[in-house]
Amino acid sequence: MSSAMRRLVGSALKNASSSSFKTNVMPRRFYSSGGSPPPRKVVVLGAAGGIGQPLALLMKLNPLVSKLALYDIAGTPGVAADVGHINSRAEVAGYMGEEQLGTALENANVVIIPAGVPRKPGMTRDDLFNINAGIVKSLCSAIAKYCPEAIVNMISNPVNSTVPIAAEVFKKAGTYNEKKLFGVTTLDVVRAKTFYASKAGVPVEEVDVPVVGGHAGVTILPLFSQATPKPNSVLSEEDIKALTKRTQDGGTEVVEAKAGKGSATLSMAYAGAVFASSVLKGLNGEPNIVECSYVQSNVTELPFFASKVRLGEKGVEEVLGLGFLSEYEKQGLEGLKSELKSSIEKGIKSASEN
Ligand SMILES: NC(=O)c1ccc[n+]([C@@H]2O[C@H](COP(=O)([O-])OP(=O)(O)OC[C@H]3O[C@@H](n4cnc5c(N)ncnc54)[C@H](O)[C@@H]3O)[C@@H](O)[C@H]2O)c1
Ligand SMILES: O=C(O)C[C@H](O)C(=O)O
């Protein structure tokens with residue numbers, strides 16, 4: 001890949017960050033190792049899947065990644081051979097089957113988990129619970145054993161439950177660190193930005209809009225009252241309600257359009273790569289890296305909640321509050337709590353059962 005193409009892709013990912021602050025990429029002198037970023041091993045669990053493959057490609061293109069371990073129960077040798085030919089920094093290795101999981105995870109800095117089955121039309125994300133809960137439990141047990149210090153980015157659905165499951169597995173293993181477990185809700189932010197920009201008539205690359213709550217239906221709450229830049233003409237209540245509903249239904253929109261071929265994969269790989277890049281920038285000490293993420297939280301009375309989070313050298317540096325909410329958003333916040341609470345409790349209960 002030409003350096004021009006690499007710069008193009010790199011700046012696209014950098015500019016695509018949903019941070020509300022402009023992240024100033026630290027000057028080269030920042031990296032003590034002679035101008036190159038510190039070594040960082042990223043692992044993708046489920047790397048041969050619909051999300052895993054494009055995510056592996058995008059992580060291979062990220063100059064902050066020095067090692068990329070691609071793990072799945074099938075298909076990874078081919079994906080690793082393919083992605084490994086790209087002329088970028090990261091050294092790629094493929095791992096397949098449980099006996100290779102430990103080696104894949106050893107010394108990982110960031111583990112991204114898109115492993116698990118996706119929805120088909122007519123299903124809710126919660127319908128994936130029985131299968132994906134088991135997958136997440138076994139993978140998190142391995143993470144606790146082989147890379148207990150790693151940051152974990154959970155993509156597998158239902159995220160509202162799989163993050164609490166992961167937390168319980170880590171607590172049982174004595175390795176839980178609330179600052180290092182993230183539910184990836186970035187795709188909701190990506191959708192909210194796209195839909196808002198189109199309705200408000202503003203440049204999409206300049207848009208920032210927080211999305212809070214969780215990652216399923218009404219638990220997804222975009223805060224369009226806080227969206228920037230402001231539209232030339234004020235959006236009506238109907239506009240806001242329509243934008244909110246489309247963001248909440250974004251996943252279903254893709255599931256139905258794919259007509260049984262699965263759910264969002266390409267846009268999710270992009271969103272997952274944007275979030276992972278922000279996590280890596282935080283680990284490297286870059287200032288003001290802010291993303292929305294579903295984390296252990298005191299923002300509401302619920303133990304897990306998605307809100308803006310400042311990322312740092314130890315993962316979560318600060319869980320930021322919700323800011324000013326419109327009356328409509330206050331109603332949405334109260335209206336999502338019961339569903340989110342039951343999803344969290346379902347995950348915690350499941351983790352306590354063998
Ligand atoms: N958080 C989000 O915003 C978001 C967005 C889209 C999809 N998802 C979720 O991501 C998950 C993956 O979706 P997909 O479209 O990539 O599905 P997919 O079926 O295409 O890929 C899943 C991959 O996981 C692998 N896998 C299964 N069990 C495994 C195990 N024990 N260890 C390692 N790998 C294993 C499969 O072999 C497969 O390659 C689904 O649960 C989906 O609902 C979440
Ligand atoms: O909708 C799904 O099932 C996948 C994902 O959660 C999404 O929001 O696209």
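**View 1. The interface between domain 1 and domain 2.** In this predicted model, domain 1 and domain 2 bury between them an area of about 3,700 Å², and carbon and sulfur atoms give 55% of that area. The size of an interface is often given as the accessible area lost when the parts come together. According to the domain assignment, domain 1 covers residues 3-184, whereas domain 2 is made of two stretches, 186-267 and 287-352. The C-alpha centres of the two domains lie 21 Å apart, and the contact takes 40 residues from domain 1 and 46 residues from domain 2.

**View 2. A salt bridge between K346 and D126.** The count of salt bridges between domain 1 and domain 2 is one. In the pair shown here, K346 forms a salt bridge with D126, and the closest N and O atoms of the two residues are 2.9 Å apart.

**View 3. The largest nonpolar core and one of its residues, L45.** In soluble globular proteins, nonpolar side chains tend to be buried together. The largest nonpolar core of this model holds 47 residues, and those with the most contacts inside it are L45, L105, V111, I113 and I143. Helix α5, which spans residues 129-146, supplies the largest share of this core, namely eight residues. Both domain 1 and domain 2 take part, each giving at least three residues to this core. When neighbours within four places in sequence are left aside, the contacts of L45 include Y71, L101, L105, V111, I113, L139 and I143. Another core, of 41 residues, lies apart from this one, and among its residues are V110, V184, A271 and F275.

View 4. K60 is found in helix α2, which runs over residues 52-60. Is there a partner of opposite charge for this side chain, or none, and how far away is the nearest one? K60 is buried yet has no salt bridge, and the nearest side chain of opposite charge, that of E91, is 9.2 Å away. Apart from neighbours within four places in sequence, K60 is in contact with L68, V83, G84, I86, S88, R89, A90 and V92.

**View 5. G323 in the loop between β11 and α11.** G323 lies in the loop that joins β11 (315-319) to α11 (327-352). Is G323 buried or exposed? G323 counts as exposed because its relative accessibility is 58%, and the cut-off for this word is over 50%. Although G323 and P210 are 113 residues apart along the chain, their C-alpha atoms are separated by 10.0 Å.

Technical notes:
Residues are numbered from 1 along each chain as its sequence is written. Chains are lettered from A and ligands numbered from 1 in the order in which they are written. This is a predicted model: local features need pLDDT of at least 70, side-chain atom pairs count only at pLDDT 80 or more; totals for chains, interfaces and linings use all residues. Side-chain values use heavy atoms; hydrogens and water are left out. Helices (H or I, at least four residues) and strands (E, at least two) are DSSP runs, numbered from the N terminus. Buried means under 20% relative accessible area, exposed over 50%, partly exposed in between (1.4 Å probe, protein chains only). Lys and Arg count as positive and Asp and Glu as negative; His and the chain ends are not counted. A salt bridge is a side-chain nitrogen of Lys or Arg within 4 Å of a carboxyl oxygen of Asp or Glu. Contact means heavy atoms within 4.5 Å. A nonpolar core is a set of buried Ala, Val, Leu, Ile, Met, Phe, Trp, Tyr and Cys residues joined through side-chain atoms within 4.5 Å. Domain bounds come from an automatic or database domain assignment. Buried area is the accessible area (1.4 Å probe) that two parts lose on being put together, summed over both.
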